[in-house]
Amino acid sequence: MSDSAPLTTDHPGQVASATPPAPGRSRRLSDRGLAVAFTSPALLLLLAMSVFPLLWALYLSFTDYSATRGGPAQFLWFENYTAILTSPQVHQRALTTLIYVVGAVALQTVLGFAIAYLISRRAHGRGLLTTLFLVPMMLSPVVVGLFWRFMLDAQFGVINSMLGSLGLGQVEWLTRQRTALLSLVLVDTWQWTPFIMLIALAGLTAVPKYLYEAASIDRASEWFQFRTITLPLVWPLLLIAVLFRAIEAFRLFDLVYILTSGGPGVSTETLSFHVYKVAFLGFNTGTASAYGILMVVIVIVLTQLYLRYLNKLKED
Amino acid sequence: MLVATTVAACGGQDGSAPKAPATIPELTKDPLTLSFIWFDWPPAHALEAFANAEYTKGRPNVTIKVKTVPNANWHDAMFTQFAAHKTDFDIPILDSQHIGEAVTNGNILDITDFVKKNIDVKAYNPYLLAAYGQFPQAETGKRDENASLYGLPLLGDTWTMIYRKDLIGDKPPQTWDEMISVAEKCQADNPGVSGLAFHQANGSDAAAVTYNTVNGVYGGNLWDPKTRKIDGVLNDAAGQEAMDVLVNKMKPLTAKGSGNWFIDEVNAAVAQGKACIAFNWIAASGGLLDPKQSTLGTTREQILDKLGFAPLPSQKTNLVPLGGMGMHVSAYSPEANQAEALNFMKWFEQGDIQKKWAAAGGVPSRTDALESPEFLNAQPFNQVYTDSVPRMRDMWNVPEYARLVDIENTNVNAALNGAKAPKDALDDIAKQQQGVLNASSGKGGGGL
């Protein structure tokens, strides 16, 4: 209703307001106008920072445009997309990314849920414990990468020093193919397990207590209660946490950049790290745009499939 | 990533380097900040302090600011701004190999006429002048006087061999083979101390410079610049021998887990007494003599009793890597700042200023400064630089440099860390680099 509307109303039962407009509010600005005025800065920002770059990148992805080399962009149509999808280099990075995402998210889910379950069973100190566990998540990934780089250093690092004091040999954490990827998984797990823990804890504390009481009266075992009450009720929430983490892990760049630079060789180069090289080492802007668009499409498609599964789970 | 790519993509294009005036335009009397961009290392801080102390004596309205970025971001920090056609720096300090990319894209001024009128070119070793400014690239050891110049030397550099006099004796090894056998014996005689320490990381140009150095010493070539041929040149018999020496003879003498070492890690190993022989850039070696950073002695003299500095050993050739950087003028800088930048360059390249720069910790390029007591007495490794100047060889100075060096870095790093067989790594480098050069006529497509 606009503030210049008459005091009568067409709708029976609705009482017309006789209150005059608030002082200072323009009589010409309708509610709709006010809503537009309030939302337009955010909308403009979104258009300028997200929608326009996305559409511009989409256009560039069909061209041979380079941000640094001269001349007009020529249309290649789907040539960039074909090159990316058939490139053995891209396949190798996709496999590395897949191993990393599956390894890191699976480990974080198991650990995060286990910690949340243990915390949820405590009567005292739950708040303090939760806060302490959340600290790694609040740190910048660059800072996390830097101090883990020092800690994992084969010669001067504290981890090898501790292993040495236990009589174990030195491990080349960041310079061997297998251990380098494992190190990335471990560091990411250290930082992001608290996120899963937090979501799982929210789910666990929301489970009605009377269900457990009823189960206890029926003399159900702890394991039976966990399997038939706790897990089914927390599972959908946990899957949403897994979705968020999987999307984040798929975009991994900063930890790779700081910890391994993609090495040894290219064995820890993820898709995001490879896009960065294509975009800013060779300034192959057209190819990099197509690469970025493909990554966005993959995330959207997988997310949609995942959400459908989640909805089906809820319906069941 | 998409946003960054798009911002870079909206910049627009030119394609050829604009010319700087032969005569310096009238300078402003208003307050002006002259900005450089470099990576974060001691010479960058030394330059800012030196220029603010000395240059401002004649130009009190000017403040010098040297902006620094991490070494691994150096190329990207400059060229993403070039791509946007707007820079927050006036003087980009480019690696010699970046010149081709910057010139071809029209990012820096052509200062050929300015140099002719304002710089005493005979005061330099011709190759040093060419390496930091000439494009197309000069033949090793020479300068093409008809070629255009786009920069002037700021900081000379090369590798020095750092050796433990208390462990291997006062006389440094003279040949590469001798160096390896001395390092081997030293490692065997001194448990806990590795025979060698050198750059192996796959960031920046670390592992690539190491291979290129060994390649040069063993008589190999990086490419044939006339025919732009890499495959068959880099991986010829000499190139294969160099890779074999590096991976199978040198790598086993390094510390476990040193496969990601670069400048700082090598210096740390030397300072903590963990290496018999090490290789590092001269301009980054000053910290080795600081007792606060070293376990080799409590005074500079005590450290110097244990550490020696020498030019690289020779083998089939005596080539050493050319390091250092030149000063250039951003094509997107305001006119007043471009004029000030040219004035700074003219001031900086004077003989007496070059000697003062040497005394302040810089590595000059003028021959008179290189042979001056101010330079030779400033640091124990400065004589190494002066002796190494006639032996220098650079990498490829072409627009595709960033991709070429990335290919070489990742493959050499893979070979050094057991992720690839040495021969396969070298063949892959040659094949992939050749692919980049062959595809360079294309624009923003490809690049995978």
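I started with two helices of chain A: helix 7 and helix 9 cross in the right-handed sense. For handedness I used this rule: a crossing is left-handed if the near helix is turned anticlockwise from the far one by less than a right angle, and right-handed if clockwise.

Before going on, I noted that this is a predicted model, where local features need pLDDT of at least 70, side-chain atom pairs count only at pLDDT 80 or more, and totals for chains, interfaces and linings use all residues. Residues are numbered from 1 along each chain as its sequence is written, chains are lettered from A and ligands numbered from 1 in the order in which they are written.

**Entry: helix 7 and helix 9, chain A**

I looked up the spans: helix 7 of chain A covers residues 177-205 and helix 9 of chain A covers residues 222-250. Helices here are DSSP runs of H or I with at least four residues, strands are runs of E with at least two, and both are numbered from the N terminus. The two axes come within 9 Å and cross at roughly 150°. Axes are lines fitted to C-alpha atoms, for helices over the stretch in contact, and angles run from 0 to 180 degrees between N-to-C directions. Helix 7 of chain A and helix 9 of chain A are therefore roughly antiparallel. The classes are under 35 degrees for roughly parallel, over 145 for roughly antiparallel, 65 to 115 for roughly perpendicular, and oblique for the rest.

I then listed who touches whom. Helix 7 of chain A contributes residues including Trp192(A), Phe195(A) and Ile199(A). From helix 9 of chain A come, among them, Leu233(A), Leu237(A) and Arg245(A). Contact means C-beta atoms, placed from the backbone, within 7 Å. The tally is 14 nonpolar, 2 polar and 2 charged residues. Nonpolar means Ala, Val, Leu, Ile, Met, Phe, Trp, Tyr, Cys and Pro; charged means Asp, Glu, Lys and Arg; the others, Gly among them, are polar.

**Entry: helix 1 and helix 12, chain A**

Here the axes come within 8 Å and cross at roughly 120°. That makes helix 1 of chain A oblique to helix 12 of chain A. This crossing is left-handed. Helix 1 of chain A brings Ala57(A), Leu58(A) and Leu60(A). Helix 12 of chain A brings Thr285(A), Gly286(A), Ser289(A), Gly292(A) and Ile293(A).

**Entry: chain A against chain B**

The contact takes 55 residues from chain A and 43 residues from chain B. On the side of chain A, helix 11 gives the largest share, 7 residues. That side divides into 24 nonpolar, 24 polar and 7 charged residues.

**Entry: domains of chain B**

I checked the bounds, which come from an automatic or database domain assignment. Domain 1 of chain B is 10-157 + 324-393, and domain 2 of chain B is 165-320 + 397-441. Their C-alpha centres lie 27 Å apart. Their contact uses 29 residues of domain 1 and 23 residues of domain 2.

**Entry: a sheet in chain B**

Which order do the 4 strands take? The order is 8-9-7-10, in an open sheet with mixed pairing. Strands pair if DSSP finds at least two bridges between them. Strand 8 (194-197) and strand 10 (307-310) of chain B are the edges. Strand 7 (residues 159-164) of chain B pairs with strand 10 of chain B in the antiparallel sense over 4 bridges. Ile162(B) stands opposite Phe309(B) of strand 10.

Note on methods: Contact = placed C-beta atoms within 7 Å.
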